[in-house]
Amino acid sequence: MEKQTYEKLAYYTIKEKILSGKLHVEQHISEAGIAKELSISRTPVRKAIAVLVSEELIEYELNRGAVVIESSMSAGRFIELLEMAEILVVQTIEKCKNKNLTYKPEQGNALLEEMREIQKEEDVEAYLSLLSKWLLQFVAQLANSYAEDIVRKMKRDFFNKAQKDIKIIPVLLEEETMETLEQLTYYMVEKKHDLAKEVIQKLVNLYIIRTFR
C-alpha cells in the first residue's frame, strides 16, 4: 500500500471516530494507538492529524499532544452538505431514468406525513431527523451502500456541528421543502425525471440563498 493511502486510511479512521463520538471533545489522540490499530507506522498518522488540525477538528496542546476540540459547522461546510445531497438525489433520479425503474414512494410518503404533524419550531431535532430519513430512503433507491453511508455521515456532521442559526434553516424553509419533496415524489412516480431534477436543484439554491441572509 502506498504512503498516501496509509495517510488517507489514518485520516478517515480518526475523522470517523470524531464524528461518531468514539473520540470526544478534549480526548487525547494517541498516534501510537491509531498506528497499532491500523498496522501502520506513526508517520502517516501524524500527517493525517495535521490535516485534521487544519480542518479544526483537532488541536495540539502543550504536554498533551493532539486533542479533539469543539468545532462548529461553517456556512461553507453546510453548503457542501447541501451540494452533496443534491448530487446523491440527482444520481438516484438518473438511475431510475436510465434503468426505467419504478420509484416506490410509500416509505417517503409516510415520513412526509410524520413531518407534517410535527410542531417544527418546538421540535427541531425530530423534524431534521425525519428529513434526513427521507433523504436516506430516497438515496436507497440507488441500492448503493456507500451512498447510504455518505448520507449517514452527513447527518452526523450536521447534528454534531451545526449551530442553531444553521439548524433552523430547514425549519424556516419548511413550507418550500415539503412542497418540493411532494413534487419530487409525484414526478418520480410519473417518471418525469427532468422535472424531478429541476425542483430539487431549485430547493438547494433556495437553501444556499437563505444561508447567507
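Which residue, with a positive phi, follows α2? The answer is S39, with a phi near 60°. The structure discussed here is a predicted model, in which local features need pLDDT of at least 70 and side-chain atom pairs count only at pLDDT 80 or more, while totals for chains, interfaces and linings use all residues. Residues are numbered from 1 along each chain as its sequence is written, and side-chain values use heavy atoms, with hydrogens and water left out.

The chain holds 11 helices and two strands, where helices (H or I, at least four residues) and strands (E, at least two) are DSSP runs numbered from the N terminus. Read from the N terminus, the elements follow the order α-α-α-β-β-α-α-α-α-α-α-α-α. Along the principal axes, the C-alpha atoms fill a box of roughly 60 × 40 × 25 Å. Of the 213 residues, 45% are buried; buried means under 20% relative accessible area, exposed over 50%, and partly exposed in between, with a 1.4 Å probe and protein chains only. Among contacts (heavy atoms within 4.5 Å) between residues at least 6 apart in sequence, 70% join residues at least 24 apart.

Helix α4 (residues 75-98) can be followed through two of its packing partners. With helix α11 (residues 193-211), α4 packs at an angle of about 175°, the axes lying 10 Å apart. Here axes are lines fitted to C-alpha atoms, for helices over the stretch in contact, and angles run from 0 to 180 degrees between N-to-C directions. The angle makes α4 roughly antiparallel to α11, a term for angles over 145 degrees. On the α4 side the contact includes F78, L82, V89 and I93, and on the α11 side the residues include I200, V204, Y207 and I208. By class, this contact has 13 nonpolar, three polar and six charged residues; Ala, Val, Leu, Ile, Met, Phe, Trp, Tyr, Cys and Pro count as nonpolar, Asp, Glu, Lys and Arg as charged, and the others, Gly among them, as polar.

R77, F78, L81, M84, A85 and L88 of α4 meet A147, I150, V151, M154, D157 and F158 of α7. These residues divide into 10 nonpolar, no polar and two charged.

Back in helix α2 (residues 31-38), E31, I34, A35 and L38 are buried. They lie on the same side of α2, because they cover an arc of only 100° around the axis, the arc being that of the directions from the helix axis to the C-beta atoms. In general, an α-helix has 3.6 residues a turn, so residues three or four places apart point the same way.

Two loop residues are also worth a look. Most residues other than glycine have a negative phi. E26, in the loop between α1 (3-19) and α2, has a positive phi of about 80° and is partly exposed at 44% relative accessibility. N63, in the loop between β1 (58-61) and β2 (65-68), has a positive phi of about 70° and is exposed at 77%.

Finally, M178 belongs to helix α10 (residues 174-189) and is buried, with a relative accessible area of 5%. Leaving aside neighbours within four places in sequence, M178 is in contact with L112, M115, R116 and Y127. M115 is 63 residues from M178 along the chain, yet their C-alpha atoms are separated by 8.4 Å.

Methods:
Parallel < 35°, antiparallel > 145°, perpendicular 65-115°, else oblique.
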